[in-house]
Amino acid sequence: MRQRRFIQCDVFTSVPTKGNGLAVVADGEGLSDRDMQAFAAWTNLAETTFLLPPTTGEADYKLRIFTPGREMPFAGHPTLGSCAAWRHLGGKPRTAGVVRQECGVGIVDIDVSGAVTAFAAPKTAVAPLPPDMLDAITSALGLSKDRIVRTARLANGPVWQVLELASAADVLAVDASKLRYPEFLGVGLIGPHAPGSECQFEVRMLATSSGMSEDPITGSLNAAIAQWMYGAGQWRSPVTVAQGTRIGREGRVFIRRDEQSGNIWIGGETRILIEGTLTL
């Protein structure tokens, strides 16, 4: 065992303790897969990450991401939180204004040039949501089909079963306890707020593998939804999404598309809450 630098941060919020918590082990070298998984189970957070030296000259660091039960190829709030931790501890990107993270889906660009850090949404495979899955979800939640606007199965590393509902109120009314992993996994809901609201949409992510009733704020789900919505022409302007409202969080996800490059950027603030050393 050795001492390792450790940070616990709160992602996708400007209000400490109102976002999505993340544990970051800054010196992950020498830990086995089993060590990493055991520590992630011990933290009991939605995700725990481990910073490692990159294996390619394109990247600034390599990131491994674990829930309490499994490793993830990519996740959004761990990407932003780990980048913030790496920079807080003195990390300097090879290219000014852009941090390049190596992870299970390849290289993810993170724009650190503006007021709010944002990652480039990975490519997302969009497919119809299988009818039997839609029926199972609506039956479990007691959802009326006339409140469903559109659905899709989205894959950007994780796989999401996404339902767009008629309103944010419909999204917030859903009882998360009715969907549980492993019977269901990664069910995303999105619905619009009334015009003139602070946020344009409300998002929730149910049936999490972490064992939580729902994920507080989910960057990878919002990234997949953004790829779907911009790709279908449903969104054209920047969008602000609220998530975590039903469980007392104040998550804010800032989404924009660069018209020249076509990149979709998923932004959010990170607050460093705990900094110290870990013996592991």
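Mentor: Buried means under 20% relative accessible area, exposed over 50%, and partly exposed in between (1.4 Å probe, protein chains only). The model is predicted, so local features need pLDDT of at least 70 and side-chain atom pairs count only at pLDDT 80 or more, while totals for chains, interfaces and linings use all residues. Residues are numbered from 1 along each chain as its sequence is written, and side-chain values use heavy atoms, with hydrogens and water left out.

Trainee: How many of the residues of helix 2 are buried?

Mentor: Helices are DSSP runs (H or I, at least four residues) and strands likewise (E, at least two), numbered from the N terminus. Helix 2 has 13 residues and reaches 18 Å from its first C-alpha to its last. Among its buried residues are Gly76, His77, Leu80, Cys83 and Trp86. Helix 2 is largely enclosed by the rest of the structure because the buried count is ten of the 13.

Trainee: Which residue with positive phi follows helix 2?

Mentor: After helix 2 comes a residue whose phi is near 105°. The residue with this positive value is Gly90.

Trainee: Is Thr79 buried or exposed?

Mentor: Thr79 is found in helix 2. Beyond its neighbours within four places in sequence, its contacts (heavy atoms within 4.5 Å) include Tyr61, Leu63, Phe74 and Phe119. The relative accessibility of Thr79 is 0%, so Thr79 counts as buried.

Trainee: With which side chain does that of Thr79 make a polar contact?

Mentor: A polar contact is a pair of N or O atoms within 3.5 Å; within protein, one must be able to donate a hydrogen and the other to accept it, and residues adjacent in sequence count only if both atoms are side-chain atoms. For Thr79, the distance is 3.1 Å. The partner side chain belongs to Gln101.

Trainee: What is the relative accessible area of Arg100?

Mentor: Arg100 lies in strand 6, residues 98-103. Arg100 is classed as partly exposed because its relative accessible area is 24%.

Trainee: How far apart in space are Arg100 and Lys62, C-alpha to C-alpha?

Mentor: In sequence, Arg100 and Lys62 are 38 residues apart. For Arg100 and Lys62, the C-alpha to C-alpha distance is 8.9 Å.

Trainee: Which side chain makes a polar contact with the side chain of Arg100?

Mentor: The side-chain polar contact of Arg100 spans 3.2 Å. Its partner is Thr95.

Note on methods. The expected span of a helix is 1.5 Å times one less than its number of residues.
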